[in-house]
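The following paragraphs go through a structure chain by chain. Please keep the sequence and the 3D view open while reading.

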Amino acid sequence: MEARSETSVLQRLWQRWDTRLCLLAVAVYTLAALYGEAVYRYYRIADRAPAYNSVCEEARYVPPLFARVFSAGAPGAAGRPLYLLGSDNLGRDVLQRLVQGTRIAFHVGIVTSLIAIPLGVVLGCAGGYFGGRADSLVVWLCATVASMPGLLFILAIAMVIGQGLAGVYLGIGLTTWVSVCRNIRGEVIKHRERAYVQAARVLGYSDLRIIFRHVLPNVAHIVLIAFSIRFPSSVAMEVFISFLGIGVQGEPSWGIMINNARLRLWQGVWWEMTFVSLAIFGLVLAFNHLADALRDLLDPALRNEAAN
Amino acid sequence: MAESEKTLLKIRGLKTWYPIKKGVLARTVDHVRAVDGVDMEVRKGETLGIVGESGSGKSTLARTILRLEKPRAGSIEVNGKNILSLKGKALRDYRRTVQVVFQDPQASLNPRHTVLELLTEAMLVHGLTTREGRRAAATELLDDVGMSADMLDRYPHAFSGGQRQRICIARALSLKPQLLICDEAVSALDLSVRAQALNLLQDLKAKHGLSYLFITHDIGVVQHLADRIAVMRDGRIVEHGDADDVLQNPAHPYTRLLLQAVPVIRTSPQ
């Protein structure tokens, strides 16, 4: 049943042109991230300075390929990248750095989800199912974490464990579980009063069995929706943190690229900023639109019984 | 002692109140007295019908017996043992004595489990069957409620309301209970299916030596089934006695009101 409903959701997303476009975009980003990861690993193993970080003094500020076609001078030196999307102030290839940025973005989106979603699911289930004091504790925790400005929290964590990706993962992961937890809790409370859970209690099942075998599969769609919503927001968060200079170090994250490009924008070096912004825009748009469509398809509050 | 040996369920002075909370501190300002001092017994092998309108506390009474609600006062004894203090393993063992069939069969069945899983999970939990033996056990249960074994791998949504309720009954019987509480068990079924379900319950009673606590708002349903009837109103039992007595000579005006509410279908002009 689980697998069947999941494939039918994919099929239904594929049938609509807008969500199909989003699926394709997500696929392209995923492939780019995988390719970036492979390149990153390759240079690590080969122990060479990666191409996306190699400085080339002669090829600074090369405009993107399509812009060069119209102008005369084209630096066609051999052994250099094509600079399809131009080069930055140190002569590094923007395209390669974009791909690396995608890799970082996916790392952040996935690792923070692996922290935030289990935390939110466990706390939400515990609070929603047991009620009473456990619930009060969970609600209090949610309210407390939600009331802290997320950025301050991330700054504090970065202070404690130092700058770099680990701080970003923990900071974003530990601040964004609240919405997952609230959604799961609300849904579990709804299911707790359903007759099938009551029957399960009367049949003598343990609480853990009821939560994991009976309630959780019926609220799993919330997890899927939560992932698709929080993935782009955590990517955007990482961009922001890296832009501020407390995130990723030494690797081309989108935030670092924006920060870098910002300084030369007024000199007419528009391409780096443009392409990074487009990459972020595309990823966030595709994921958010998919999240919307997924919620329409999966949320029982919006779904009519006939479609079941 | 012969008297107490025959008594399966004995309830004394049972009160289940729900608090009404108000204000920021959620102070309890008052209570909804859903069950407010109920005394009753169910003897072995008999069917006790509990009748009352919506909100009269019938379901809360059932939920309290099932340990889904905590009572405020009173005692519930099953086979002479107080069940309100049971915990852990003792509570699990009690689950095998008393089972329930709820009103809405669709809501009572987890939509993501097959009939096989629905029927045998409880038996596995209680160690009444094994992974290898579960198919045979489930087949037997389905046979009991008049369904065939080729439905074992289907999901609940593939069945009609009547069939789903049969699955619920089969699941409740999987633990071989002594007392089956039917909380409006046939109210959601349409009339022809309802008659079948009632006949099935009657057959199962004889076959497994069950006792029933039959809760309904419709006095017509218990007419044919109940040995004794208790009429409930506002959390109290206002009248109880042998079914025939209560139906023929209702002492309480509320019972008379309920009886008048039963539609009479005349098949031929008189």
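In chain B, strand β1 and strand β4 (residues 73-78) run antiparallel and are joined by 5 bridges. Helices (H or I, at least four residues) and strands (E, at least two) are DSSP runs, numbered from the N terminus, and two strands count as paired if DSSP finds at least two bridges between them. Within this pair, B:Arg12 stands opposite B:Ser75 of β4(B).

The model is a predicted one, in which local features need pLDDT of at least 70 and side-chain atom pairs count only at pLDDT 80 or more, while totals for chains, interfaces and linings use all residues. Residues are numbered from 1 along each chain as its sequence is written, and chains are lettered from A and ligands numbered from 1 in the order in which they are written.

On β1(B) (residues 7-22) there is also a pairing with β2(B) (residues 27-43), antiparallel and made of 13 bridges. B:Thr16 has B:Val35 of β2(B) as its bridge partner, and B:Ile20 stands opposite B:Asp30 in β2(B). The hairpin of β1(B) and β2(B) has 4 residues between the strands, and B:Gly23 takes a positive phi near 85° there.

These pairings belong to an open sheet of 4 strands in chain B, in the order β2-β1-β4-β5, with antiparallel pairing. β2 and β5 (81-82) of chain B each have a single partner strand and stand at the edges, so one side of each is left without a neighbour in the sheet. Helix α2 (residues 58-65) of chain B packs on this sheet and touches β1, β2 and β4 of chain B; its direction makes about 75° with that of β2(B). Contact between two residues means that their C-beta atoms, placed from the backbone, lie within 7 Å. Axes are lines fitted to C-alpha atoms, for helices over the stretch in contact, and angles run from 0 to 180 degrees between N-to-C directions.

Another open sheet in chain B has 6 strands in the order β6-β7-β8-β3-β9-β10, and its pairing is mixed. Its edge strands, β6 and β10 (236-242) of chain B, each pair on one side only. From one strand to the next the twist averages 20°. Strand β9 (residues 228-233) of chain B pairs with β10(B) in the antiparallel sense over 6 bridges, and B:Arg228 stands opposite B:Asp242 in β10(B). Helix α11 (residues 253-260) of chain B lies across β3 (47-51), β9 and β10 of chain B, at about 105° to β9(B).

Chain B as a whole has 11 helices and 10 strands. Its radius of gyration is 19 Å, close to the 18 Å that the globule rule gives for 270 residues, so chain B is as compact as a globular protein of that length. The radius is taken over C-alpha atoms, and the rule is 2.2 Å times the number of residues to the power 0.38. The C-alpha trace of chain B spans about 60 × 55 × 50 Å along its principal axes.

Which parts of chain B touch chain A? In this interface, 19 residues of chain B are in contact with 16 residues of chain A. On the chain B side, α3 (88-95), β6 (98-101), α4 (105-108) and α5 (115-125) of chain B are the elements that give two or more residues. That side divides into 10 nonpolar, 5 polar and 4 charged residues. Here Ala, Val, Leu, Ile, Met, Phe, Trp, Tyr, Cys and Pro count as nonpolar, Asp, Glu, Lys and Arg as charged, and the others, Gly among them, as polar.

Helix α2 (residues 17-46) and helix α12 (residues 271-298) of chain A have axes that come within 9 Å and cross at roughly 130°. That makes α2(A) oblique to α12(A); angles under 35 degrees count as roughly parallel, over 145 as roughly antiparallel, 65 to 115 as roughly perpendicular and the rest as oblique. The residues that meet include A:Cys22 and A:Tyr29 in α2(A) and A:Phe287 and A:Leu290 in α12(A). By class, this contact of α2(A) with α12(A) has 9 nonpolar, 3 polar and 1 charged residues.

Helix α4 (residues 94-130) and helix α8 (residues 177-192) of chain A pack at an angle of about 35°, with their axes 7 Å apart. Among the residues making the contact are A:Gly120 and A:Gly124 of α4(A) and A:Trp177 and A:Ile184 of α8(A).
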